[in-house]
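Good morning, and thank you for coming. Please look at the structure on the screen while I speak about its charged side chains.

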Amino acid sequence: MSDSDSERSVSQTVRAQLALRDLILSGRLRAGERISELQAVEITGVSRTPVRLALVRLEDEGLLQAIPSGGFMVRAFSERDILDSIELRGTLEGLAVRFAAERGVSARSLEPLKECLTDLDQLVRQDPITTEAFSAYVTLNARFHALLTELSGSAPVIRQIDRASVMPFASPSAFVMAQSALPEAHSILLIGQEHHRIVVDAIENREGARAEAVMREHARLAVRNLRLALRNRSHLDLLPALARLTSTTAD
């Protein structure tokens with residue numbers, strides 16, 4: 001296989017993976033529903049080999065389960081599954097920022113992070129915050145977290161954060177759009193932004209323990225958002241898959 005063919009195959013796998021993940025998390029593919037390679041080919045418009053790889057990747061993410069007789073089934077996931085995934089991401093991100101702080105980061109390397117922080121500031125200062133601003137926040141927040149992760153300089157940690165972040169609803173912005181419809185939305189964004197600011201300051205001042213503690217606490221904002229979304233089920237049209245979530249934890 002030539003380099004161009006290999007790159008095309010990888011691109012098609014990612015395309016299929018993203019399309020199928022969106023169908024699952026949007027609730028259009030329901031828990032217990034079976035999906036075959038041929039069905040996935042039809043849905044995504046991608047050939048069988050990259051589709052097969054995409055299905056295996058989604059199994060690794062915990063969204064699909066292989067069926068002994070062939071094909072895959074959409075997995076049901078519980079509130080506990082999501083809470084554990086968020087905790088795992090927070091632990092790994094905490095490790096990443098501790099590495100960044102303790103190993104030292106140059107002023108130049110911090111510039112893109114500070115620019116992103118400024119852009120986020122402009123969004124969260126809006127009151128009320130529009131749906132368009134929330135949408136822009138999702139993109140900027142994802143960039144901020146990616147930049148933080150890269151500052152660790154640790155390929156293994158970066159790799160594991162990437163894996164943890166694609167677990168069901170574990171990404172830093174998983175609940176932002178559902179949160180946008182809640183009365184507490186603005187105050188939660190302000191808390192999250194203060195966490196961002198403190199983490200950057202801790203990295204700059206080489207305070208590893210402080211950076212790690214704040215980052216782990218920051219991840220727990222997603223837990224708060226999950227519970228608020230579940231209590232305000234009238235807004236779950238923004239995250240339909242949550243409407244069928246099994247609750248296994250006490251408030």
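Let me begin with a definition: a residue is called buried under 20% relative accessible area, exposed over 50%, and partly exposed in between, using a 1.4 Å probe and protein chains only. This is a predicted model, in which local features need pLDDT of at least 70 and side-chain atom pairs count only at pLDDT 80 or more, while totals for chains, interfaces and linings use all residues. Residues are numbered from 1 along each chain as its sequence is written, and side-chain values use heavy atoms, with hydrogens and water left out.

A salt bridge here is a side-chain nitrogen of Lys or Arg within 4 Å of a carboxyl oxygen of Asp or Glu. The whole structure contains 14 of them.

Arg98 is partly exposed at 23%, and Glu102 is partly exposed at 42%.

Glu37 and Arg48 form a salt bridge, with their closest N and O atoms 3.1 Å apart; Glu37 belongs to helix H2 and Arg48 to helix H3, eleven residues apart. Is Glu37 buried or exposed? Glu37 is buried, at 18%, whereas Arg48 is partly exposed, at 40%.

Finally, Arg216 and Glu87 meet in a salt bridge of 3.5 Å, joining helices H10 and H4 across 129 residues.

Key
Helices (H or I, at least four residues) and strands (E, at least two) are DSSP runs, numbered from the N terminus.
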